[in-house]
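Here are my notes on the model, as numbered points. Please read them with the structure open.

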Amino acid sequence: MRIVANGHPALRTPSLPVGEITPEVRKLAQELIRSLMESEVPGVGLAAPQIGVDTRMIALMTVSEKGRSRPGALPGELLLESQMPLVLVNPEIVASSPETCTAEEGCLSLPGISGHVTRPAVVTLHARTLDGQEFTAECGGLLARCLQHEIDHLDGKLFYDHLSPEEKKAADPQMKRLAKREAALQRIQGGLDA
């Protein structure tokens, strides 16, 4: 499966929740991890819509190869980062801090585009593992940002939607090029599937 780009309908469609953890769900989870780890540009997260699947599932890899968390990491970060690469099923943000943090973001589905996004600094995540266990974890730092970015994908939103008008205007030509290329790829894929 390829990572789809701006213009693919899966990126703007709210994803469907996962019910039972089936062999197909596990296969999708493995594909998400493989796509994230083998992407041409290094990434820290990937949502199922980014490979054209409207399922509420994300893959995360926010730790370095050394596997070290940042100083002062919250317990939820320590818990999740020790299991990465990690797939989360039906993730949702159930609480967020009033404190915010602005940082530059990019996206594997919007190559060549980046911009500054303000998000809550700390979030409380509720999700399920592939083993079916539900959990709640408080996360900050890069993991909190990544969770918000990927869950936005599950809701049909892109980081581009959070950019300032000036940054959107600067990104618009590349967004249009990506949409045109994606449409051509979909036509080719449609012809192959016929």
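1. How many bridges join β1 to strand β2, and in which direction do the two run relative to each other? Three bridges join them, and the strands run antiparallel. β2 covers residues 57-60, and A47 stands opposite I58 of that strand. Keep in mind throughout that this is a predicted model.

2. The pair belongs to an open sheet of five strands, in the order β1-β2-β3-β6-β7, with antiparallel pairing. The edges are β1 (45-47) and β7 (134-139), each of which pairs on one side only. On average, neighbouring strands of this sheet are turned by 40° against each other, direction ignored.

3. Two helices that pack on the sheet deserve a look. α1 touches β1, β2 and β3 (86-96), and its direction makes about 40° with that of β2. Helix α3, residues 141-154, touches β1, β2, β3, β6 (123-128) and β7. The direction of α3 makes about 150° with that of β2.

4. Next, the cysteines. A disulfide is a covalent bond between the sulfur atoms of two cysteines. A search of the whole structure finds zero disulfides. For C101, the nearest cysteine sulfur is that of C146, 14 Å away, and C101 is in no disulfide.

5. Is C107 buried or exposed? C107 has a relative accessible area of 12%, so it is buried. C101 has a relative accessible area of 38%, and therefore counts as partly exposed. The cut-offs behind these words are under 20% for buried and over 50% for exposed.

6. T62 is in the loop between β2 and α2. Its relative accessible area is 11%, so T62 is buried. The side chain of T62 makes a polar contact of 3.5 Å with the side chain of E81. Leaving aside neighbours within four places in sequence, T62 is in contact with V44, E81, M84, L142, L143 and C146.

7. The peptide bond from M84 to P85 is cis, with omega near 0°. P85 sits in the loop between α2 (75-81) and β3. N90 lies in strand β3, and the phi of N90 is near 50°, a positive value in a residue other than glycine.

8. Finally, H8. Where is H8 placed? H8 is in the segment before α1, the helix that spans 23-37. H8 counts as buried because its relative accessibility is 15%. A polar atom of the H8 side chain lies 3.0 Å from the backbone nitrogen of A10. With neighbours within four places in sequence left aside, the contacts of H8 are R2, G52, E182 and Q186.

How values were computed. Residues numbered from 1 in each chain as written. Predicted model: local features only at pLDDT ≥ 70, side-chain atom pairs only at ≥ 80, totals over all residues. Heavy atoms only, no water. Helix = DSSP H or I, 4+ residues; strand = E, 2+ residues; numbered from the N terminus. Buried < 20%, exposed > 50% of the residue type's maximum accessible area, 1.4 Å probe, protein only. Polar contact = N/O pair within 3.5 Å; in protein donor to acceptor, adjacent residues only side chain to side chain. Contact = heavy atoms within 4.5 Å. Pairing = 2+ DSSP bridges. Axes fitted to C-alpha atoms, helices over the stretch in contact; angles between N-to-C directions. Disulfide = S-S within 2.5 Å.
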